[in-house]
Amino acid sequence: RFGFQANGAYTLPADAKNVTSAVHAAPISPVYDRTTDSYYALPDFQRAQVANPMIDIKQVARHNKAQNYRLTGNIYGEADLMENLTFRATLSVDYASDNSRQFSPLLYAYYPELGQKQLTNTTESINQTKTNTLNAQQDYILTYNDSWGRHHLTALAGLTTNYTDYQTLGGGRNQDQDADLPIPNDPNKWWISSIGDEASATNSGSQYRRFTMSYLFRALYNYDNRYLVNASYRRDGASVFRNTGNTWDNFYSLGAGWVLSEEKFMRNQRVIDYLKIKGSFGVLGNQNTGSTGGRYPSYPTLNSTNAVFGDNIVSAYSQAYLVTNLGWEKTEAWETGFEMNLLDSRMRLEAVYYHKKTKDLIVYLEKFMGAQDGLINAGDILNKGFELSAGWSDRIGSDFRYAVTANLTTIQNRVTSLGNQGFRVTGGNGVAVTEKGFPIGYFYGYVVEGVYQNNEEIQQSPTNTLATVQPGDLKFKDIDHNGIINAEDRTKIGNPTPNFTYGCNLTLGYKNFDLSIDLQGVHGNEIYANGYQSDYAQFNYLKKRLGRWNGEGTSNWEPILDPARAVNQLNSSYFIEDGSYFRLRNIQLGYNFSERILQKLRLQGLRLFINIDNLKTWAHNSGYTPEIGGSAIVFGIDSGNTYPVPSTYTFGINVTF
C-alpha cells in the first residue's frame, strides 16, 4: 500500500506596524497639517523617543513586500510481511521559504515651532531577506498485532529521525538624502542588487542544523477488555549534546488500566455504563534548550578581550560559559485516575491526579565557577495537580440535540533544586527569579506600602538607600526590619503561574443547523506590567494615572507623574496586576445540506459556516492581552509592546466530492 498527502500555501503577509508608538504617543498632539501636507512631529517632551504613529501607518505603509511559500506533506509505503506483521515507512517534509524586500523612505514631519516641515531622518534604505527552513522526518515502524482467546497484543518497534535545517541571508543598502539618484517609490525597484549606495552595503546571515534519532519499542496488552497494560522504551540521541558525551539517553513508561464495568459484579446495575481505573509512570526527555546557549549549547561562543603583557596589548578569547557534562532534561511523571460513563453514556466524567518532576533542568548560572558563567543540568522542578473533566450530551425530540463539556486543571509549581545552595537564575531585568523553594520565574522586587505624603513622613520612615526620595514617591516595606531600605528588602511579589485553568464547550444542534461555543480561562496568576511608563520621557499614561499623587493626601498608591523619579521605576509590587481572565474563544454556526440536495448536486457533503475567534476577553490587566508569553523561566512580563489578540471572523464553505 502506498499513499501521499501534500498541502501548499502562498501568502502575502500584511505590512505589520508596531503598536507601541500608538500607545505611547500623546493624544493631545495635532495629527496632520494641511498647509504643508505633512504629519505633525510630537511635542518636544516626546519626539526624541516616540514618533507620530500616523507617519508609520501612512508614509511607511505598503513598503514591506513579502512573499512566503510553504509545502508540507508525507509519503508512505506499507507492506504485510506475514500474517499479523506489518512494516510501514513514512517520509514527512515541511519546507518554508520566506522572502521580503523593505524600503524605508525619507520621512518629513511638521514642526509647529518652525512653521514648516523638515526631514526626520537623513537616509533612505532598502533591506532584503530570504529565509529557508526544512524539517524532515523519517519513520520506520514494524507492528505485530494478534489476538487469541481473550488475549490481545499489539507490539511495535521502530526507528525515527528528525532533521532541521535553517538558513537566512540578509542584505541592505542606504544612501544619503542628497544622493544624485533617489530610491524611487516603486516596489519593482526595491532590489539591493540594482539601487542604493554600494559603499553602504551590509549583509547578515544565520544558519543551524539539528538532528535527533530514536529507537523505540512499545507493547499494548489487554485481557478480555478488562485488564490493560502498556509499556514503552525509547533510546534518543540529539546533536545538541554531541560535544559532551551525552548524546544518547534512555526513556520509558509503564501504564495499566482496569475496566471495572466489564466485571460480573457490575453487570446488574443500570447507572454506570463504563468505568476504568488507570495509572501510569514514565520518564520523558527534552533536548530543546531554547535560547539558552543558542542552537549549539555544547559549543560555547567565544568572547574577546584584551590582555596586557608588558608594553603589549594582546587580543585574547575565552568561552562565553562553561559546559559541564551537559545532557538531556528528564521528566519523571506519574498519574492515576478514572474514566466513567453514566446514564446511557449521556454523562462522562474523568479525574486524574498528576505528579511531574523535571530533573536536570538546563539552566544558565552566572558566576558558576568563580568569575565564569556555566550552562549546566542543575534544576529540579515539581508540577502537580488535578485534571478534571465532565460532559453531558442528550437529545430532545428528534430534531434538537445538545452537549456540554467542562474541564479544570489545577497547577502547583515549585523549584526543588537549583545546583548548589544559594544559586539563583534571574531574568527580565532582575524581576524574574528562579530559585529553590519558590515557583519558577516568580516576580521579585520591593513591596510598596504607599506613597510618601510629606517630608515628615520620609524622616520617620526607614532610610531609603536606593535613591533620593521625595513626597509623591513610592514607599517600600522594610522586609528585614533593619531601618534601611536596600537590596536586601526585595522579596517575592508575584507568581506568573496560574493556580488553575478551565474551559467549557457548548454544542447545540437543530435539524441541519449546529452551533458551538468554546470558553476558556485561567485564574490565580500575576502579570508584571512595567512597559507603560519611562524613566526618560513622558508617555501617554494609563488611565489609572489620573489618580496620581499631586499633593499631600491626594493618593497613597499612584506616585507622582515625574519620569525623573528613579525610585518609582524600580521593580516593585506597584507593577503587579491580576493575570486572571475569561475568554469567549470561539463561536461557530454551521449548516449541513440534506442528503436530498447532495444527491442532486452529486456531492458527498456541503457545509456553510461562520466562525468567530476571540470575540471577547474579560481581564483585569492594563495591557491589550492577559496572555503574556516568554521563555521557560521568564514569562508573564508585559513590557508594553505586547500585540493585542485579534478577533477573527471567518466565512467558509466545505465541499466533499
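Predicted model: local features only at pLDDT ≥ 70, side-chain atom pairs only at ≥ 80, totals over all residues.
S594 is partly exposed, at 23% relative accessibility, where partly exposed lies between buried (under 20% relative accessible area) and exposed (over 50%), with a 1.4 Å probe and protein chains only. S594 sits in the loop between β34 (581-592) and α4 (595-601); helices (H or I, at least four residues) and strands (E, at least two) are DSSP runs, numbered from the N terminus.

Residues are numbered from 1 along each chain as its sequence is written, and side-chain values use heavy atoms, with hydrogens and water left out.

**Aromatic pairs and charges over rings**

- Rings of Phe, Tyr and Trp (its six-membered ring) pair if their centres lie within 6.5 Å; planes under 30 degrees apart are stacked, over 60 edge-to-face and the rest tilted.
- The count under this rule is 26 aromatic pairs.
- F438 and Y442 are stacked because their ring centres are 4.8 Å apart and their planes are at 25°.
- Within this pair, F438 is partly exposed at 30% relative accessible area, whereas Y442 is buried at 1%.
- A cluster linked by ring pairs consists of F443, Y528, W557, Y574 and F575.
- The charged end of K544 sits over the ring of Y574, 4.9 Å from the ring centre; the criterion is NZ of Lys or CZ of Arg within 6 Å of the ring centre and within 35 degrees of the ring normal.
- R88 lies over the face of Y76, 4.0 Å from the centre of that ring.

**The sheet with β32, β33 and β36**

- Three strands form an open sheet in the order β33-β32-β36, with mixed pairing; two strands pair if DSSP finds at least two bridges between them.
- β33 (576-578) and β36 (637-638) are the edge strands, each pairing on one side only.
- β32 (residues 526-529) runs antiparallel to β33 and is joined to β33 by three bridges.
- Y528, a member of the ring cluster, has I576 as its bridge partner in β33.
- A537 is located in the loop between β32 and β33 and is buried, with a relative accessible area of 3%.
- The C-alpha atoms of A537 and D562 are 8.9 Å apart, and the two residues are 25 apart along the chain.

- Eight bridges pair β14 with β15 (residues 312-319) in the antiparallel sense.
- N306 stands opposite S315 in β15.
- Two residues lie between the strands of this hairpin, and G310 takes a positive phi near 65°.

**Nonpolar surface patch**

- Y215, F217, Y233, W248, Y252, F281 and W334 form a nonpolar surface patch with about 670 Å² of accessible area together.
- Patch residues have over 30% relative accessible area and no salt bridge; like charges are joined within 9 Å, and nonpolar side chains (Val, Leu, Ile, Met, Phe, Trp, Tyr) within 5 Å.
- A salt bridge is a side-chain nitrogen of Lys or Arg within 4 Å of a carboxyl oxygen of Asp or Glu.
- Accessible areas come from the Shrake-Rupley method with a 1.4 Å probe; for residues, only the protein chains shown count as cover.
- β10 (202-223) and β12 (248-259) each supply at least two residues of the patch.
- Y252 lies in β12 and is partly exposed, at 41% relative accessibility.
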